[in-house]
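Subject: Structure handover

Hi,

Here is the structure we talked about. Please load it before you read on; my notes follow below.

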Amino acid sequence: MDLLRYGRSPWGQTILTHVSWNLFWASLFAGILFFLAHAAYMLFSAHRKRSSAETDRLEAANKNLPEKIERHNLSARLFHWVMAASMFVLLFTAFLPVVGVKFAWVQWHWIAGLVLSASIVFHIIHATFFLDFWSIWVGPKDIPELKAELLREFGHEVPGPKPGKYPLGNRLYHLAIVVTGLAVMFTGLFMLKRVRTPFFVRDPYILGDRAWGFTYVAHGLAGVGLVGLVIAHVYFAVRPEKWWITKSMILGWITRRQYLEHHEPSRWRVGAGSSTAKPAGQA
Ligand code: HEM
């Protein structure tokens, strides 16, 4: 199976030009396979939220917590939905022609690309200066949580830590989106120089053939990677047991009970009138 496509430079050299569209089908297939395998696995998986008795005890000890707990403020929600809309336009404009639906896609594609790029820049500034920046990253500190989650997955009742604001899976997913999203954004912004836009004079000669080849291949690789990643994300968003998280991306809040069932209050501190108040009954 070909993974890359090659062309000939004016001097007769073989140069890399694009990724092969076989990779698009592979990513689509991997995304669909993942959701079928996960859905089958979930039929047998143990429940991973806190037991009712333990949640009752925590709720009694944390009466000071508000009934609704803010999970995503308005700016974060707007970013998420603008990014999602632009991502879908980008995926459909890039890949509908590959599956045989031919139309003038390039203009719609780069316009959505600029919207995505602007939303990413906004998100980086917002997350760095106004949100809890470290809450989304993974590191060695998460090993106890990983061990506890794996044991729970196999049906053991273990006392190990629950997630902070974001479960481990979400944080790993965010990392993959950061890598592919930034790759597609930087290469895409560069590629704008090759197409006709109202912003500057088109100049395909700012890079040599080889460098353009690598840029197009990097853009294509990140793009096909995003096909599988987006399928996995949408699949989790619509799963019934994850619906409470998806709802919080629409309404902004989760209930106190959901907070105590799914999170470690000492790792995501919230409280009436204070975002750092420590819930009772916690170390
Ligand atoms: C979900 C994100 C994205 C996906 C899946 C995606 C996918 C693609 C694909 C598959 C191509 C064709 C590449 C080739 O022929 O080798 C392409 C071309 C292109 N993309 Fe993207 N892209 C994304 C984001 C962006 C962004 C953020 C920008 C710009 C800000 C952008 C700008 C462009 C441009 C200018 C082209 C070149 C069109 C041409 O040369 O005719 N893309 N994109």
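Which helix do the buried residues of H2 pack against? They pack against helix H9 (256-262), where contact means heavy atoms within 4.5 Å.

**Ground rules**

This is a predicted model, in which local features need pLDDT of at least 70 and side-chain atom pairs count only at pLDDT 80 or more, while totals for chains, interfaces and linings use all residues. Residues are numbered from 1 along each chain as its sequence is written, and side-chain values use heavy atoms, with hydrogens and water left out.

**Overall**

The protein has nine helices and four strands. Helices (H or I, at least four residues) and strands (E, at least two) are DSSP runs, numbered from the N terminus. Along the sequence the pattern reads β-β-α-α-β-α-α-α-α-α-α-β-α. The C-alpha atoms fill a box of roughly 75 × 40 × 35 Å, taken along the principal axes. Of the 283 residues, 39% count as buried. Buried means under 20% relative accessible area, exposed over 50%, and partly exposed in between (1.4 Å probe, protein chains only). Take the contacts with a separation of 6 or more: residues 24 or more positions apart account for 68% of them.

**Iron site**

The ligand carries an iron atom, and its protein donors are His109 (NE2) and His219 (NE2), lying 2.0 Å from it. His109 sits in helix H4 (residues 106-129) and His219 in helix H7 (residues 209-238), so the pair, 110 residues apart, links distant parts of the chain. Donors are N, O and S atoms within 2.8 Å of the metal (3.2 Å for Na, K and Ca); water is not among the atoms, so sites may look incomplete. Both histidines, His109 and His219, are buried.

Why is the arrangement octahedral? The six donor atoms around the iron subtend angles of 86 to 180 degrees, which makes it so. The cut-offs: six donors count as octahedral if opposite donors are over 155 degrees apart and all others between 65 and 115. For six octahedral donors the ideal angles are 90 or 180 degrees.

**Second largest pocket**

About 720 Å³ of space lies in this pocket. A pocket is an open set of points on a 1 Å grid over the protein atoms alone, where a 1.4 Å probe fits, with protein on both sides within 12 Å along at least five of seven lines; lining residues have an atom within 4 Å of a point. Grid points are joined across faces, edges and corners, and the volume is the space filled by probe spheres set on them.

The second largest pocket is lined by 32 residues. Ala94, Trp105, His109, Met191 and His219 lie nearest its centre. Strand S2 (14-19), helix H3 (74-95), H4, helix H6 (168-191) and H7 each supply at least two lining residues. H4 gives the largest share, seven residues.

**Helix H2**

The buried residues of H2 (residues 52-61) are Thr55, Leu58 and Glu59. Seen down the axis, they fall within an arc of 100 degrees, so they line one face of the helix. The arc is that of the directions from the helix axis to the C-beta atoms. Ala53 and Arg57, on the other side of H2, are exposed.

**Single residues**

Contacts below leave out neighbours up to four places away in sequence.

- Arg71 is in the loop between strand S3 (68-70) and H3. At 2% relative accessibility, Arg71 counts as buried. Its contacts include Lys165, Tyr166, Trp244, His263 and Trp268.
- Leu116 lies in helix H4 and is buried, with a relative accessible area of 4%. Leu116 is in contact with Met83, Ser86 and Leu90.
- Ser9 lies in the loop between strand S1 (4-8) and S2. Ser9 is buried at 6% relative accessible area, and is in contact with Ile15 and Asp209.
- Ile15, in strand S2, is buried at 9%. Among its contacts are Arg5, Tyr6, Ser9 and Asp209. The C-alpha atoms of Ile15 and Ala53, 38 residues apart along the chain, are separated by 64 Å.

Best wishes

Technical notes. Four donors count as tetrahedral if all angles lie between 85 and 135 degrees; four count as square planar and six as octahedral if opposite donors are over 155 degrees apart and all others between 65 and 115; anything else is irregular.
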